[in-house]
Amino acid sequence: MHDLLQQAFSGLATGGIYAIVALALVMIYQTTHHVNFAQGEMAMFSTYVAWALIEAGVPYWGSFVLTTVFGFVLGAFVERVVVRPMADAPVLALVIVFVGLLVIFNSLAGLLFGHSVQSFPSPFPSRGIAGGLLSAHQLGTLAITMVMLVLLFCFFRFTKAGLAMRAVAQNPESSSLVGIRVGGVLGLGWALASTIGAIAGMLVAPVTFLDPNMMMSVLVYAFAGALLGGISSPGGAVIGGLLVGVLENLAGAFLIGNELKLTLALVLIVTVLTVRPVGLFGQRHVSRV
């Protein structure tokens with residue numbers, strides 16, 4: 001029983017990381033209706049920036065703040081320079097662009113920082129909590145996930161920028177007609193998503209260690225969580241990410257083994273897309289013709 005509870009709580013903590021990356025995917029999808037396949041690599045690159053700052057002597061929380069700023073600027077830059085000129089391009093062309101960004105950031109990280117595995121510090125103590133069911137880092141990850149979800153809810157619900165982003169997601173043409181700067185809103189969506197991804201990368205690195213490929217599998221699990229919860233629903237994406245984390249841990253420990261855990265995420269993606277494409281909490285949009 002203790003092993004079952006330990007795997008379940010550990011899965012919740014891992015799912016918290018998936019939930020944060022899923023939130024970033026939802027931010028992009030809500031503003032552009034596209035999935036950024038380079039989200040994980042952008043997060044990884046930002047994490048390397050944090051590692052370089054820490055190695056240079058900057059305190060952890062100072063590096064954390066500077067990295068979130070870097071992530072914000074990086075997302076805005078990618079949207080303005082790469083994505084916006086492709087606004088009217090076919091969907092397949094955008095998919096190719098996102099895959100190209102994935103390869104570029106992966107290769108650039110290897111070129112600038114090397115391919116050797118690096119350790120990354122955690123801001124939380126190493127001791128166990130709740131009878132050893134959770135580590136302080138895992139509990140901190142869950143807390144940060146919940147705080148980010150609340151902040152995003154408040155942003156979308158109570159700020160002009162959040163309301164503008166929701167309007168653009170629903171109807172960009174009408175939003176433009178009422179004076180909303182659609183390009184600026186899209187850039188803000190990309191910047192926020194990249195910031196969220198940077199935070200996720202800094203939470204992943206102490207667990208998996210830092211290397212250019214550390215976010216590959218995380219992105220797959222996060223994508224599965226976003227689809228399961230509803231890629232149009234930030235809250236649903238968080239719940240989906242947490243569920244995927246628990247399912248991954250329990251299945252890996254008691255059913256299929258750690259070697260096949262990634263297969264579970266792929267099966268989940270195919271199943272959700274086949275049975276309920278909008279996810280558990282997504283809304284089905286009906287168009288009148």
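These legends describe close-up views of a predicted model.

**View 1. Helix α5 spans residues 136-158.**
The helix has 23 residues. From its first C-alpha to its last it reaches 32 Å, close to the 33 Å expected at 1.5 Å a residue. Its buried residues are A136, H137, Q138, G140, T141, L142, I144, T145, M148, L152, F155 and F156. An α-helix has 3.6 residues a turn, so residues three or four places apart point the same way. Look for that spacing along the buried list, which includes T141, T145 and M148.

**View 2. T141 sits in helix α5.**
Is T141 buried or exposed? T141 is buried, because its relative accessible area is 1%, and buried means under 20%. Which residues does T141 touch, leaving aside those up to four places away in sequence? The contacts of T141 are A13, G16, I17, F124 and L203. Take L203 as one example from this group. T141 and L203 are 62 residues apart along the chain. Their C-alpha atoms are separated by 6.8 Å.

**View 3. Helix α8 runs from residue 182 to residue 208.**
With 27 residues, α8 reaches 38 Å from its first C-alpha to its last. That is close to the 39 Å expected at 1.5 Å a residue. How many of its residues are buried? The count is 21 of the 27, so α8 is largely enclosed by the rest of the structure.

**View 4. F209 follows helix α8.**
F209 is found in the loop between α8 and α9. Its phi is near 70°, a positive value in a residue other than glycine. F209 counts as partly exposed because its relative accessibility is 43%. That value lies between the cut-offs of 20% for buried and 50% for exposed.

**View 5. Y48 and F113 form a stacked aromatic pair.**
The model holds 14 aromatic pairs. In the pair of Y48 and F113, the rings lie 4.8 Å apart, centre to centre, with 10° between the planes. The pair links distant parts of the chain. Y48 belongs to helix α2 (residues 39-55), and F113 to helix α4 (residues 91-113). The two residues are 65 residues apart. Y48 counts as buried, because its relative accessibility is 0%. F113, at 21%, counts as partly exposed. Why is F113 not called buried? Its relative accessibility is 21%, and buried means under 20%.

**View 6. Ring pairs build an aromatic cluster.**
Which residues belong to the cluster? Ring pairs link F45, Y48, W51, F70, F105 and F113. Y48 and F113, the stacked pair of the previous view, are among them.

**View 7. A cavity is lined by residues that include Y221 and L268.**
Rolling a probe the size of a water molecule over the atoms shows where empty space is left. The count comes to one cavity of 30 Å³ or more. The largest cavity has a volume of about 40 Å³. Its lining consists of Y221, V244, L247, E248, K261, L264, A265 and L268. Two elements give two or more residues to this lining: α10 (234-254) and α11 (261-275). The largest share, four residues, comes from α11. By class, the lining of the largest cavity has six nonpolar, no polar and two charged residues.

**View 8. The second largest pocket holds about 360 Å³ of space.**
Of the 18 residues that line this pocket, the closest to its centre are T14, Y18, V207, T208 and E248. E248 also lines the largest cavity. Which elements each supply at least two residues to the lining of the pocket? They are α1 (2-32), α5, α8, α9 (216-229) and α10. Helix α1 gives the most, with four residues. The lining of the pocket has eight nonpolar, eight polar and two charged residues.

**View 9. Q170 is found in helix α6.**
The helix covers residues 160-170. Is Q170 buried or exposed? Q170 counts as exposed because its relative accessibility is 61%, and exposed means over 50%. Along the chain, Q170 and M214 are 44 residues apart. Their C-alpha atoms are separated by 34 Å.

How values were computed. Residues numbered from 1 in each chain as written. Predicted model: local features only at pLDDT ≥ 70, side-chain atom pairs only at ≥ 80, totals over all residues. Heavy atoms only, no water. 1 Å grid on protein atoms, 1.4 Å probe; cavity = no way out; pocket = protein on both sides within 12 Å on 5 of 7 lines; lining within 4 Å. Points joined across faces, edges and corners; volume = space filled by probe spheres on them. Nonpolar A, V, L, I, M, F, W, Y, C, P; charged D, E, K, R; others polar. Expected span 1.5 Å × (residues − 1). Buried < 20%, exposed > 50% of the residue type's maximum accessible area, 1.4 Å probe, protein only. Phe/Tyr/Trp six-rings, centres within 6.5 Å; stacked < 30°, edge-to-face > 60°. Contact = heavy atoms within 4.5 Å.
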